[in-house]
Amino acid sequence: MLWYKAWLETRARFLTSLMTLTIFCGVFVHHALYISCSDTFPCAQGLIRPGRQAELYFLLMVTQNYVVIMWVLVVVLLGMGGIVRERALGTSSLTLSLPVSRVRLLGVRVVMGVLQAIALAVAPWVTVLVVSRIAGLHVLITQVGLYVLLLVGGGLVYFAMAVLVSSLVIGEYTAPAIAFGVVLLNAIIFDAWLRRFNVWRLVTGDFSIDKTTYLLSTHLPWLGILASLSVGVLMVLASTIVVQRREF
Amino acid sequence: MMSDNVILTQALRKSYGSTEAVRGLNLSVGRNRITGFLGRNGAGKSTTIKMLLGMVRPNSGSGTVLGRQITDAEENRELRLRVAYVAEDKPLYGYMTVEQMIRFASSFYPDWAADVEKRLLQDFELPLRRKVKTLSKGMRTKLALLLAFARRPELLILDEPSEGLDPVGIEHLLQVLVGRSAEGVSVFFSSHQIAEVERVADHVCILEKGCLLVDASLDQLRKFYRRIDLVFSSTPPKSEFRMSGVERIQTTGRQMSVFASKNTEAVVERAHDLNAVSVEVVPVGLRDIFLETVKEN
């Protein structure tokens, strides 16, 4: 039933995010396929022409950039909450009086959050796939899969960071403000000085895209993904220690 | 062999910064008894309960609940399986319905008593489909009590259980507490409603500034605590009555009131020796014992 509780606590955030991401991707791709593209885009105007696959994959790259912005925002929101937030709401004494360890309480929340984050990464890309198929364009499933993989593999660290922040900070608005601040600061600092280690660029596919075909290379930056996932795991472990030591 | 005590603490201490909330508490709560836990606001009652349930870590000292160490995370988890706790503010998940809340709580306790749940649902007239956040304070209290009673605990720890209940609800609660106790459940409850404690408790602990001042059965308290009202022909000599068992002496003109926890006979004898004009020994209730005890400290 802890799963049920975690679901009830996050379902509004999750379903709203799912709907927003899906509708956005559907409308965006649909419009982009049928109306003129931006000046920087080589297709110039109108429907993507047959045989010009690069135009289609350029569109996918742009879509991924937008999806990443929204996805990071929603996974940070999904990472908020938990037992520390319950303390502010006054329900922590009920939760902590249950015969359940704090590690399990956190674990259920993290697993639920990860599953929701995966769903939120898959749903918009499935929409893109469906909308492009309806438009009669063939998008390689492997390309879509790689975008999802980059999003989840590289981006879950943002969720882990949100979990850690919400374990450290109680305030309803303070915790998300700090978490979003960290996302922004991280993007600025890494882009300015440590570009090769910028998670944002890793997630958008910037490190693995071919700038002429706009196809993602199957040689993904595995090291970067692994490093990002490892940092995420370390953050969750740190959250576990914080929650175990915390007094309520 | 089962221990006689369901709660046992030794020199339990907890500080928040420079404030000492609990100071070397030695508490023992007997099995199959109803123990009232009294104290003013900020006396350390809630902190003590939170330490027992592992929500707060003591700075020093040790304690066991149902034979399990309170400071060991795994043992504390095991003890929570056998303890039902209702916190002061009756926390419940507002986003759940009454039915969901019951279903959620019942899933953690293999011994969940469906019959008790059904009976209390009827008695308390709780609306199953209503969201918890829309319930009145009294209804929330009733739901919190239902969740505690239906899990068939060995020990019930209740923090201000009657808060928010109407007189009928309070009466029902007290009856249920006595009934549970008769079935072998130990009850440890804190309350500011001394009359309620006096009605149902077998044993009373009074905490003041983190120290245990009184730890006795209600029968003992009734038997030994007395107020001796004395009238003298001149200003009474206060120092003459400073003896063992005298907790407080109050003088107003020629009148003197001595509050004694024992040794009443010696006080009366001393009063006669000093030619008291009037000597009246008055039995005192728990309310007076509580007030006099905390006033003295």
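Colleague: Two strands count as paired if DSSP finds at least two bridges between them. In this predicted model, which residue of β11(B) is the bridge partner of B:Val204?

Modeller: Strand β10 of chain B covers residues 203-208 and is joined to β11(B) by six bridges. The two strands run antiparallel. In β11(B), B:Val204 has as its bridge partner B:Ala216.

Colleague: Which strands stand at the edges of the six-stranded open sheet of chain B?

Modeller: The order in this sheet is β7-β8-β9-β4-β10-β11, with mixed pairing. An edge strand has a single partner strand, so one side of it is left without a neighbour in the sheet. That applies to two strands of chain B, β7 (83-86) and β11 (211-217).

Colleague: What is the average twist from one strand of this sheet to the next, and at what angle does helix α1 of chain B run to β8(B)?

Modeller: The twist from one strand to the next averages 15°. Helix α1 of chain B (residues 45-52) lies across β4 (34-39), β8 (155-159), β9 (186-190) and β10 of that chain. Its direction relative to β8(B) is about 145°.

Colleague: Is B:Arg33 buried, exposed or partly exposed?

Modeller: B:Arg33 is in the loop between β3 (28-30) and β4 of chain B. Leaving out residues up to four places away in sequence, B:Arg33 touches B:Ser186, B:Asp202 and B:His203. Within 10 Å there are 17 other C-beta atoms.

Colleague: How far apart in space are B:Arg33 and B:Leu158, C-alpha to C-alpha?

Modeller: In sequence, B:Arg33 and B:Leu158 are 125 residues apart. In space, their C-alpha separation is 14 Å.

Colleague: Which residue of β14(B) is the bridge partner of B:Arg248?

Modeller: An open sheet of four strands has the order β13-β14-β12-β15 (chain B), with antiparallel pairing. β13 (246-252) and β15 (278-283) of chain B are its edge strands, each pairing on one side only. Six bridges join β13(B) to strand β14 (residues 255-260) of chain B. In β14(B), the partner of B:Arg248 is B:Phe259.

Colleague: Which elements of chain A give two or more residues to the side that touches chain B?

Modeller: The contact takes 16 residues from chain A and 19 residues from chain B. On the chain A side, nine residues are nonpolar, five polar and two charged. The elements of chain A that give two or more residues are α1 (2-34) and α4 (92-96).

Note on methods. Residues are numbered from 1 along each chain as its sequence is written. Chains are lettered from A and ligands numbered from 1 in the order in which they are written. This is a predicted model: local features need pLDDT of at least 70, side-chain atom pairs count only at pLDDT 80 or more; totals for chains, interfaces and linings use all residues. Two residues are in contact if their C-beta atoms, placed from the backbone, lie within 7 Å. Ala, Val, Leu, Ile, Met, Phe, Trp, Tyr, Cys and Pro count as nonpolar, Asp, Glu, Lys and Arg as charged, and the others, Gly among them, as polar. Axes are lines fitted to C-alpha atoms, for helices over the stretch in contact, and angles run from 0 to 180 degrees between N-to-C directions. A residue is buried if 20 or more other C-beta atoms lie within 10 Å of its own, exposed if 12 or fewer, and partly exposed in between; C-beta atoms are placed from the backbone.
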